[in-house]
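Please keep the sequence and the structure in view while reading.

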Amino acid sequence: MSLNSYLNKKVLILTVDGRTLTGTLISCDQVTNIVLQDTIERIIREPDDEEPSAEQPHGLYLVRGDNVVICGLVDEELDGSIDWTKVRGSVVGSTKHV
């Protein structure tokens, strides 16, 4: 499936090393290299971690295709209603290409 239908829309990217990135997809190619605009990395802490979860802005961001695990559209209304500093969860962990 091509990501061209996601161009100029807000997407969420999960990377091989377990990072969660959101931003507007402005470019992609046949090997899933992705360019995001207004990128934010969501750092979700585990339930027993005292430090709050955080969002780290990165601006214009390139993700190499071999680092992309999944790319999906974001429901912007739902996404905007969530206080990401209060979200807790288990670490996704790294993924290995086989």
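**A buried charge and the sheet around it**

Asp 79 counts as buried, because its relative accessibility is 10%; buried means under 20% relative accessible area, exposed over 50%, and partly exposed in between, with a 1.4 Å probe and protein chains only. The model is predicted, so local features need pLDDT of at least 70 and side-chain atom pairs count only at pLDDT 80 or more, while totals for chains, interfaces and linings use all residues. Residues are numbered from 1 along each chain as its sequence is written, and side-chain values use heavy atoms, leaving out hydrogens and water.

The side chain of Asp 79 meets that of Lys 10 in a salt bridge, 2.8 Å from N to O; the term denotes a side-chain nitrogen of Lys or Arg within 4 Å of a carboxyl oxygen of Asp or Glu. Because Asp 79 belongs to helix H1 (residues 76-80) and Lys 10 to strand E1, the pair ties together parts that are 69 residues apart in sequence. Helices (H or I, at least four residues) and strands (E, at least two) are DSSP runs, numbered from the N terminus. Lys 10, at 21% relative accessibility, counts as partly exposed.

A second salt bridge joins Arg 42 and Glu 55, with the closest N and O atoms 3.0 Å apart. This pair links distant parts of the chain, Arg 42 in strand E3 and Glu 55 in strand E4, 13 residues apart. Arg 42 is buried at 7% relative accessibility, whereas Glu 55 is partly exposed at 37%. Lys 10, Arg 42, Glu 55 and Asp 79 are linked in a network of salt bridges. In total, the structure holds 7 salt bridges.

How are the strands arranged? The open sheet consists of 5 strands in the order E4-E3-E2-E1-E5, with antiparallel pairing; two strands pair if DSSP finds at least two bridges between them. Strands E4 (54-63) and E5 (68-73) stand at the edges, each with a single partner strand, so one side of each lacks a neighbour in the sheet. Strand E3 (residues 34-43) is joined to E4 by 8 bridges, and Val 35 stands opposite Leu 62 in E4.

Val 11 lies in strand E1 (residues 10-15) and is buried, with a relative accessible area of 0%. Beyond residues up to four places away in sequence, Val 11 touches several residues, including Leu 36, Cys 71 and Val 74; contact means heavy atoms within 4.5 Å. The C-alpha atoms of Val 11 and Val 74 are separated by 5.1 Å, although these residues are 63 residues apart along the chain.
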